[in-house]
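Hi there,

Here is the structure I promised to pass on to you. Have a look at it first, and then read my notes below.

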Amino acid sequence: MRVGADELRRGLQCDEFEPFFQPIVTLCTGELAGFEILARWRHPEHGILLPDHFIALAEQDGTIGSLTGILLARAFAIAGSLPPHLRLSVNISPHQLHDFLLPPQIESLAGSFRFPLSRLVIEITESAFFDNLEHARAVTLELKKLGCRIALDDFGTGYSSLLHLQALPFDELKIDRSFVHSMTKHRESRKIVSAVIGLGQSLGLATIAEGVSTPEEAGLLLGLGCEAGQGWLFGKPVPADQLPALVQTPPQP
Ligand code: C2E
Ligand code: CA
Ligand code: CA
Ligand code: CA
């Protein structure tokens, strides 16, 4: 189904968007490290819609900022009942990284929920740096000043450039699931994953593997020195009401 701009605005007005949460697990201990916030639209007719139905539209339409605000407010509100060491990771669209209002918006939202920004990870893809590296760098630095961690998402896809790793203050590198998926079958993928983890280590960045779906993949990643994993092996994204149960019985690989 295709969603139009009017329908998107209606959904926003009717408060139909909510965060789902996917566990991120420390590979060597199997302990929960935090959650990635993933947008979902609880549509009255079409059920739960995934981001590919509405993120691009929200970006074009200029409503992506409000959507991020809605997701963060819900997530910060719930975070108060989670163990304080757990981090939350949020996806920020490329052009939001050129908006100098983003850092003060996040700061005031976190302030009103008393959420310490040292627990927030901002996930960005490299395409965010194409338009204007200086702007993106300035906004990223502001977010870091507030205490946020910065993750480079989908690393290895698109036009990955080592220039970005050098120019920007990243804390985490997320290895795209396409590499993780093929690493148990193809030696080349395994070597690429190994090299990326090594690169992360030498730059002092934590590496997080996406799309971990088998114990074999998790074992290989751990052996290669990858710190954390995320994927169906550890749990699919769940709505907020399922978080307390997840936190009590963390996912066992
Ligand atoms: P992403 O940031 O790379 O998020 C990871 C995606 O991989 C999620 O898809 C997640 O459900 C899926 N995934 C996780 N583990 C596995 C696995 O083991 N196997 C497979 N096949 N898939 C797995 P989702 O939720 O459909 O989100 C898709 C993309 O939409 C995200 O990719 C992100 O780029 C974007 N997105 C989601 N929420 C937001 C948001 O609030 N703002 C923005 N700007 N983008 C968002
Ligand atoms: Ca992400
Ligand atoms: Ca990703
Ligand atoms: Ca992605």
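Around ligand 1 there are 20 residues, and Q22, R40, S93, R177 and W232 come nearest (a residue is near a molecule if one of its heavy atoms lies within 4 Å of it). This is a predicted model, so keep in mind that local features need pLDDT of at least 70 and side-chain atom pairs count only at pLDDT 80 or more, while totals for chains, interfaces and linings use all residues. Residues are numbered from 1 along each chain as its sequence is written, chains are lettered from A and ligands numbered from 1 in the order in which they are written, and side-chain values use heavy atoms, with hydrogens and water left out.

Some polar contacts (pairs of N or O atoms within 3.5 Å) hold the eye here. S93 has a polar side-chain atom 2.7 Å from a nitrogen of ligand 1, and R177 has one 2.7 Å from an oxygen of the ligand. The side chain of N91 also puts an N or O atom 3.0 Å from a ligand oxygen. On its own, ligand 1 exposes 810 Å², of which the protein buries 81% (areas by the Shrake-Rupley method with a 1.4 Å probe).

Now the metals. Which residues hold the calcium ion called ligand 2? Its protein donors are E36 (OE), N91 (OD1), E123 (OE) and D153 (OD), at 2.1 to 2.4 Å. Donors are N, O and S atoms within 2.8 Å of the metal, or 3.2 Å for Na, K and Ca; water is not among the atoms, so sites may look incomplete. N91 is in strand β4 (residues 87–91) and E123 in strand β5 (residues 120–124), so this pair ties together parts 32 residues apart in sequence. Strands are DSSP runs of E with at least two residues, and helices are runs of H or I with at least four.

N91 is partly exposed, at 29% relative accessibility, whereas E123 is buried, at 1% (buried is under 20%, exposed over 50%, partly exposed in between).

D153 also coordinates the calcium ion ligand 3, which sits 3.8 Å from ligand 2. A further calcium ion, ligand 4, is 5.8 Å from ligand 2 and is coordinated by D154 at 2.8 to 3.0 Å. D154 belongs to strand β6 (residues 149–155).

Last, the largest nonpolar core has 69 residues, with L120, I122 and L221 touching the most other members. Such a core is a set of buried Ala, Val, Leu, Ile, Met, Phe, Trp, Tyr and Cys residues joined through side-chain atoms within 4.5 Å. Helix α3 (residues 64–79) gives the most, 8 residues.

Cheers

Conventions: Buried < 20%, exposed > 50% of the residue type's maximum accessible area, 1.4 Å probe, protein only. Polar contact = N/O pair within 3.5 Å; in protein donor to acceptor, adjacent residues only side chain to side chain.
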